[in-house]
Amino acid sequence: MIELAAAFAVAGAASNAVGTAFQRKVASVSRSSGIRLVAELARQPFWLIGMAGVICAALFQSLALVNGPLALVQPLFILELPFALLVAAPLMHRRLPSWGWWGVGGCVAGLAVLLIAAAPHGATAQARLVRWIPALCLCLGAMAAAVLLAGRGRPPARRAALLAAASATGNALTAALLKSATGTFADHGFAAFLRSWQTYGFALAGVSAVILLENALQAGPLAAAQPALTIGDAVVSLALGITLFDERIRTGWWLVPEACGALLIVAGVMVLSRAVQRIIVLPAAAEGARAES
């Protein structure tokens with residue numbers, strides 16, 4: 001079942017990357033913000049394609065969480081970063097510099113080392129309310145603080161990173177609530193699923209995360225938003241999996257390769273972030289941009 005969970009998680013990461021790339025293409029040219037931004041984007045075909053990718057990602061994520069621990073599923077969504085860059089570059093008529101592929105390789109290799117060494121295991125389907133209350137308070141408080149710190153007047157890259165971090169926390173919280181709700185559905189059926197507070201909790205958290213994501217993509221460069229989004233999601237999800245669902249990772253000497261894998265991921269993200277800042281504009285796109293101006 002672990003292999004099945006991993007396969008669904010990778011499919012979810014790819015779907016989410018496609019969704020993010022299409023949403024970025026539309027959001028980058030809008031001047032609105034907040035709820036008004038989402039209302040404006042909802043009328044754009046490319047944004048609807050992006051939302052379809054996000055919905056498919058949620059379905060894959062649900063299937064992955066039913067079959068495996070949160071501490072395994074959500075870190076695999078780090079693959080969304082290289083997937084998003086691979087999709088966004090041709091979509092925006094850009095080309096990643098050749099050395100940027102080292103960043104892609106670093107992310108993939110680091111994630112493989114980290115997950116093989118950590119071997120997340122021991123998940124339970126539900127968490128007691130006494131555990132949910134502090135987790136909800138901490139996650140919602142962190143999201144609110146990030147939004148306040150990302151107020152207008154801040155540098156675009158900082159605003160994008162902070163709003164993406166808030167969205168990442170919302171995504172992780174959504175995944176935890178979704179795991180609990182899907183566990184209820186699997187064990188007790190659809191009626192119990194509709195009566196579960198986690199069902200409505202993950203819907204609200206998911207909508208909030210989407211709104212924050214749209215504003216992060218509109219506020220600044222993808223190079224600032226995407227690393228905060230993917231790495232933040234993985235870190236918060238790992239913490240929620242351990243504290244809520246009694247998930248465990250290997251410790252002792254295994255911490256050495258785990259740390260090496262994490263450092264390799266961070267290095268890969270940094271290389272990719274620099275590569276995005278030096279992305280090459282294809283000639284056809286440059287000519288089109290001059291014609292429009």
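Which residues does Leu 244 touch, not counting residues up to four places away in sequence? In this predicted model, the partners of Leu 244 are Gln 126, Ala 127, Arg 131, Trp 132, Ala 135 and Ala 176. The largest nonpolar core holds 37 residues. Trp 132, Leu 240 and Leu 244 touch the most other members. Helix H8, spanning residues 156-188, supplies the largest share of this core, with six residues. A second core is separate and has 17 residues. Ala 146, Leu 212, Leu 213 and Ala 216 are among them.

The overall fold was then summarised. The protein contains 13 helices and two strands. Its length is 293 residues, and 47% of them count as buried. Among contacts with a separation of 6 or more, 87% are between residues 24 or more positions apart. The accessible surface of the protein is about 13,800 Å². Carbon and sulfur atoms account for 71% of that surface.

Cysteines were examined next. A disulfide requires two cysteine sulfur atoms within 2.5 Å. By this rule, zero disulfides are counted. Cys 139 is in no disulfide, and its nearest cysteine sulfur, that of Cys 137, lies 9.6 Å away. Burial was assigned with a cut-off of under 20% relative accessible area. Cys 139 has 6% relative accessibility, so Cys 139 counts as buried. Cys 107 also counts as buried, because its relative accessibility is 1%.

Conventions. Residues are numbered from 1 along each chain as its sequence is written. This is a predicted model: local features need pLDDT of at least 70, side-chain atom pairs count only at pLDDT 80 or more; totals for chains, interfaces and linings use all residues. Side-chain values use heavy atoms; hydrogens and water are left out. Buried means under 20% relative accessible area, exposed over 50%, partly exposed in between (1.4 Å probe, protein chains only). A nonpolar core is a set of buried Ala, Val, Leu, Ile, Met, Phe, Trp, Tyr and Cys residues joined through side-chain atoms within 4.5 Å. Helices (H or I, at least four residues) and strands (E, at least two) are DSSP runs, numbered from the N terminus. Contact means heavy atoms within 4.5 Å. Accessible areas come from the Shrake-Rupley method with a 1.4 Å probe; for residues, only the protein chains shown count as cover.
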